[in-house]
Amino acid sequence: MAKTMKHVDAVCVGVGWAGSIMARELTKAGLTVVGLERGAFRTPGENFVLPTVRDELKYRLRLDAMLDTSIETVTARHNPDEVALPMRRWETYAMGDGLGGNGLHWNGITWRFSPSEFVLRSHLTQRYGKNAIPAEMTIQDWGVTYDDLEPYYDKFEKLCGVSGKAGNLKGQIVEGGNPFEGPRSSEYPNKPLILSQGGIIFMKAAKSLGYKPFPTPASNSSAPYTNPEGLTIGQCQYCGHCEFFGCEANAKASPNVCLLPVLLRDPKFELRTDAYVARLDYDKRAKKVKGVVYIDRRTGEEVTQPADLVILTAYPFNNVLLLRLAGIGEPYDPHTGKGVVGKNYCYQTVGGVTFFIEDEINPWIGTGTSAASIDEFQADNFDHGGLGFFGGGYICVSGSGGRPIQVRAVPPGTPRWGTAWKAATAQWYNHNLTLTTHGCQYAHRANYLDLDPTYRDAIGRPLMRQTFNYRDNDHKMSAYITAKAAEIAKATGAKIVANPQPRTGNFGATNGQATHHTGGAIMGTNPRSSVVNRYLQNWQASNLFVVGGSAYPQNAGHNPTGTIGALSYWSAHAITTQYLKSPGPLVHA
Amino acid sequence: MSDPTIRRRSFLQGAGLAGTAAAAALSGGLAGCATGQTTQTAEKPGAPTEPLLTLTPSEAAFLGAVYDTFIPADQYSPSGTDCGLVTYIDRQLAGAWGSGARFYRSGPFRTGKPEQGYQLALTPREYFAVGIAAANDWSRKTYGKDFDRLAPPQREEALKTMDGGKAEFVDFNSKRFFETLYQSAMEGFFADPIYGGNRNKVSWKMVNYPGLPATYATKAEEYRGKKVSLPPQSIADLS
């Protein structure tokens, strides 16, 4: 039987980074908040412990910490005229679920986006002329600038105890950091992690070509650290089991370690796990979301949670699904370019080059991040005149672990099996590195999310349908920056450099790379081109905020989590300092 | 078919490379030799040493022959079978993964583009059953025998044909099945021994992967750039 819970001030749908940050900031402002998490309760100290946490098969191959596709998955196709089919198991990327979301088992790479990314259309138009951006590239400005977000990036980095080296302190370029980053108000809270052998090799080669390599910013704590919430993060053990694994050392920042212990002690906050939000309770006439309806997985009951403020803090696919099911906002139509919900779904364009070298790499000593990166080919840090594409990415060296089911490159031409394969595997396991080119994925008119007409999830809702392919811009960008990576690989003195592997051809459901999905409920300056305003407030329902990667108008070359953290704090600040005083639209269309 | 005794001996000669624990792995075989008896393993190369949970005898024979071709006994490791790979896949297929847990299995089922990934209604257990039957049909048509009855050079040739997408199985994608077999071999060979393969951590010794506990905060600098040989430890070693 359906039941209705006691009314609360705010409800967060999904308790990962965005949900935890929003809940914390709102309870601090005196609101009562319920956090609904469809997955299980879990903590690193209980669910991810030695020795069983070091299980590559369980966590990396069988994806034990990720969402069960029999409950919910995504259908995929390349173009709007094709039939989408379900990803029957995660073969290219995986969605997370459970307390902490993907924030529990990410790698911890914590970037700020380049300042030009936030004003992308204006910036490119200004630099390259008003006809430079192809019609099908539906990129737009965010409505928020780097300078707006800087204090909130800073806050998130301090929450996580990010290890790194500033390259731009209040406008002063600092030796050893990333000279291309936006001005920072303060240094990283933790010193950089110990540089690996791969990092030393990469830095030397990159410097020999005139680049300025720097330690990749990492939410893997280089030393024990107490964050502003008073919570302690342990020291990274360089175990090489980060992404898809929880951290038994509590050294990788996660909502579970950095925020939830405080929230769970707060009587104003109530966490409900196994609470699978099915839909929003939307009053179309009043333009108010009255609450959310979820299924309590422990009882099977349908439960309504009324709230004054509803905050969607789930994965982009789920944020968009809930909007579509509620009929909030006009669905995007790729043929007319009209509508906004589902628009500008973006992914990541990753390539790389592997090389073989005499040095002892010891890849099993690893952290979640690559040891070092360069940002010369990120965003618009280089002149795109005449190149035929926009955007870029960073180049970094592998270093996240030598887990042997997956990490054991052999030189080109090696047989795939038999004694010769074993000989090469034994010879080169400890002597290879990969330079990854982690590229942006700019919005394209035909890449979007909508409701699948055929396939349904376990509770009868349509699956999200991903219409996505790599487009001309992605291929050209990846080819360009991967060729640059190959030059660095050659400059290492490698014995063998394999053929560069830029991203080519079609998106493949079997072709694994990042779990970085963005867009679909994008932010912007007006309701005709965006789902939420610069404060992540929905244009239709002013008591609805849609927070997370779903708000990115396009995806940058840097990993997305740092910006999710910054946007969450930014949005929470707007709610607590503006919205609560006078509930209603914070930006007038 | 190679003489199992010779195969064992040639492996023992190379076992020093892999360290003492690998030799200890063969203590049963050594003891058998010393008393003039042979263990069941030595007698039946390709046969699993653990009782089977789900595989039929002919399926186990097929997989043993495939894994022994991918991973022959040599100076680097014992054969795939002797590393426990048949046991590994038997347990995987008998468990939750094999019966399709965490798979989206609602219809309609359509072929789709290759980039749309796995679209069959079959669970992994069913997929292996159908694939092995199709492979043996093709092997009989091509070579006159089931795959496990082929001599090693023919097994090699047959797998290369499948890998190259040239093996014409009836109503079954041979290349995709090959990749599934290959992936299962790599998983069984390199995964923690708790799953039944990688017996005695033989693959970890082969590549010098130290396994657990992997806590290097105080060693990351000391070990950097140096050749380090740590006796690998598995989940069971630390349990």
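**Close-ups of a two-chain predicted model**

**View 1. Chain B is helices from end to end.** From the N terminus on, its elements run α-α-α-α-α-α-α-α-α-α-α, which makes 11 helices and zero strands. Helices (H or I, at least four residues) and strands (E, at least two) are DSSP runs, numbered from the N terminus. This is a predicted model, so local features need pLDDT of at least 70 and side-chain atom pairs count only at pLDDT 80 or more, while totals for chains, interfaces and linings use all residues. Residues are numbered from 1 along each chain as its sequence is written, with chains lettered from A and ligands numbered from 1 in the order in which they are written. Of the 239 residues of chain B, 45% count as buried (20 or more other C-beta atoms within 10 Å of the residue's own, with C-beta atoms placed from the backbone).

**View 2. Helices α6 and α9 of chain B cross.** α6(B) (residues 85-94) packs on α9(B) (residues 174-190) at an angle of about 110 degrees, their axes 9 Å apart. Axes here are lines fitted to C-alpha atoms over the stretch in contact, and angles run from 0 to 180 degrees between N-to-C directions. The two are therefore roughly perpendicular (65 to 115 degrees). On the α6(B) side, B:L85, B:Y88 and B:I89 make the contact, meeting B:S184, B:A185, B:G188 and B:F189 of α9(B); contact means C-beta atoms, placed from the backbone, within 7 Å.

**View 3. An open sheet in chain A.** Four strands line up as β5-β4-β20-β19, with mixed pairing; strands pair if DSSP finds at least two bridges between them. β5 and β19 of chain A stand at the edges with a single partner strand each, so one side of each has no neighbour in the sheet. Further in, β4 (residues 74-77) and β20 (residues 462-467) of chain A run parallel over four bridges, and A:T75 stands opposite A:R465 of β20(A).

**View 4. Where chain A meets chain B.** Chain A puts 58 residues into the contact and chain B 51 residues. On the chain A side, α3 (56-61), β5 (85-86), α10 (418-428) and β19 (448-456) each supply at least two residues. The largest share, six residues, comes from α10(A).

**View 5. Inside the largest nonpolar core.** Among the members of this 227-residue core that touch the most others are A:V11, A:I311 and A:V546. Such a core is a set of buried Ala, Val, Leu, Ile, Met, Phe, Trp, Tyr and Cys residues joined through C-beta atoms within 7 Å. Helix α5 (residues 57-70) of chain B gives the most to this core, eight residues.

Notes. A residue is buried if 20 or more other C-beta atoms lie within 10 Å of its own, exposed if 12 or fewer, and partly exposed in between; C-beta atoms are placed from the backbone. Two residues are in contact if their C-beta atoms, placed from the backbone, lie within 7 Å. Angles under 35 degrees count as roughly parallel, over 145 as roughly antiparallel, 65 to 115 as roughly perpendicular and the rest as oblique.
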